[in-house]
Amino acid sequence: MKRTAVAVSAVVLLLPLSACGGDAEAGSGSTVTVTVGYQSRTINTVTAGTLLRSLGSFEKQLNALHDGVRYKVNWQDYATGAPITAQMTAGKIDIGSMGDFPLLINAARGKQLDSPTRLVSVTGYNLRGGLNTIVTAPDSKLASLKDLRGQKVSTSVGSAADGTLVRALQRAGIDPDSGIEKLNQQPSVGASALAAGSTDALSQFVAWPGLLAYQGKAKAIYDGARLNLPTFHGVTAREDFAQERPAVLQAFLKAQAEATDYLNEHPVDAAEKVAKATGLPAEVVYLYNGAHGIATFDPAIKPQLVSALKQDVSVLKSAKLTGDVDVDSFVDDQYVKKALGAKAYAERLATKPAPAASEAWPKGASKTVTFTSPSELLRYVAGHRDGLRAAYVPDTTTGTLWFADKAVWVADGGKLLPFVAPDTAQAYVAGHGGARVVSYADALERAS
């Protein structure tokens, strides 16, 4: 989910038998290079990038084609989606993964440069929008969106995090153009700016908000799930590549499905693999990609996500980042349907996200412990303070998972309720007489 893609007009002449971004020699035994653009640290795309690469699933699927061609996969890792789009429109990347807003820019640039692309599958999604969060410095007095009026806010223009910021400000009655000073920065730059005090808040996508909160470098002031609008990442492929080598694309999508199943069946091990490959803390990866994480992984292109994509067009148009985008022609699920089989695809379309739940990750454990309520989790934490890697709780209102020690806690009679951000907690308190915000230490004491 990234900054505005840069239009690239270069035309790359492809050699015979090479619809892919590499060399090939005609005849039996030729070598074809398939170039995949991915974002290793944007962990909502791991089933089409980091984890997929770690498992070697794509290479195995290509070897199983037995079509007389030797395949080589060229994995290209990028920090944002913009360069992936630029390389795709130049014919240098065959398959890429990125967030929903960059996907629309990808579609627009592809059409503009007569190098059309197609959305062929989904990686991870959140039906309420919880993949994007607005954070501020730990000691900041800012506690709600309304406090952002007149403040400097860093985001990546053209990303879904920017879309969350725009929509959230509008709902708060703040003009997103004139009501704040928006800084267009890459996530790492924005994180540094927040630490240095040169920006007042940061609106970003997975995994930056969770990472900064985990490191004690930020606190959440807005949970993107309050918008109740789906956000997701997906896989896009060049149309000419898909048409010329459909078996290769289907092999990729089969491999993606395998990686998805692996993540869902072995969430802790998958988090460890992604952490090793990216340098991110496994505890942060699990926050998003775990059994009850913020993201749900499924390659099926669900109607709710297509509908959300159509709503996103107006945000990009108002920012003059794209014109109209024909979403229906951009979405093409024929390849993933064929790769998975009609029945299996229908079953995946019908699946729903895992219910919200609290989890504790004991040190040395290959599985987390799940609890039916935040209070039960707190009692467990109180008795295992030195034996835990992390503890997670879902926001009482939105279901967004968050670190238990970073959540805002509310005591309501005998109930202990967690929230991602202060304003969500205050909204609950205002509607429930006797409820009040308490510290994490107090919540632990009350639960034990």
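The axes of helix α4 (residues 100-112) and helix α5 (residues 160-171) come within 7 Å and cross at roughly 110°. That angle makes α4 roughly perpendicular to α5. This is a predicted model. The protein has 18 helices and 18 strands. Its radius of gyration is 22 Å, close to the 22 Å that the globule rule gives for 448 residues, so the protein is as compact as a globular protein of that length.

**Helix α4 and its two partners**

- On the α5 side, α4 supplies Asp100, Phe101 and Pro102. Helix α5 answers with Ala160, Gly163 and Arg167.
- By class, the α4 contact with α5 holds three nonpolar residues, one polar residue and two charged residues.
- Helix α4 also packs against helix α12 (residues 303-318), at an angle of about 75°. The axes of this pair are 10 Å apart.
- Angles of 65 to 115 degrees count as roughly perpendicular. Helices α4 and α12 are therefore roughly perpendicular to each other.
- In the contact with α12, α4 uses Asp100, Phe101, Leu104 and Ile105. From α12 come Leu309, Asp312, Val313, Val315 and Leu316.
- The α4 contact with α12 counts seven nonpolar and two charged residues, with no polar ones.
- Asp100 and Phe101 take part in the contact with α5 and in the contact with α12.

**Nonpolar cores**

- The largest nonpolar core has 103 residues. Ile43, Phe58, Leu249, Phe252 and Tyr288 touch the most other members.
- Helix α9 (residues 246-265) gives the most to this core, with nine residues.
- A second, separate core has 19 residues, among them Tyr380, Ala404, Ala411 and Leu416.
- Phe58 has contacts beyond its neighbours within four places in sequence. These are Val34, Val36, Leu52, Val73, Trp75, Val248, Ala251, Phe252 and Ala255.

**Helix α17**

- Helix α17 spans residues 422-430. Its buried residues are Asp423, Thr424, Ala425, Tyr428 and Val429.
- The cover over these buried residues includes four strands: β9 (219-223), β16 (408-412), β17 (415-419) and β18 (436-438).

**Backbone points to check in the loops**

- A cis peptide bond joins Val206 and Ala207, with omega about 10°. Ala207 sits in the loop between β8 (201-205) and α7 (208-214).
- Asp114 is not a glycine, but its phi is positive, near 55°. Asp114 lies in the loop between α4 and β4 (117-126).
- Exposed means over 50% relative accessible area. Asp114 has 69%, so it is exposed.
- Lys320 also has a positive phi, about 60°, although it is not a glycine. Its place is the loop between α12 and α13 (327-330).
- At a relative accessible area of 73%, Lys320 is exposed.

**Overall dimensions and contacts**

- The C-alpha atoms fill a box of roughly 75 × 50 × 40 Å along the principal axes.
- Of the 448 residues, 60% count as buried.
- Take the contacts between residues at least 6 apart in sequence: 74% of them join residues at least 24 apart.

Conventions
Residues numbered from 1 in each chain as written. Predicted model: local features only at pLDDT ≥ 70, side-chain atom pairs only at ≥ 80, totals over all residues. Heavy atoms only, no water. Axes fitted to C-alpha atoms, helices over the stretch in contact; angles between N-to-C directions. Helix = DSSP H or I, 4+ residues; strand = E, 2+ residues; numbered from the N terminus. Parallel < 35°, antiparallel > 145°, perpendicular 65-115°, else oblique. Contact = heavy atoms within 4.5 Å. Nonpolar A, V, L, I, M, F, W, Y, C, P; charged D, E, K, R; others polar. Buried < 20%, exposed > 50% of the residue type's maximum accessible area, 1.4 Å probe, protein only. Core = buried A, V, L, I, M, F, W, Y, C linked by side-chain atoms within 4.5 Å. Rg over C-alpha atoms; globule rule 2.2 N^0.38 Å.
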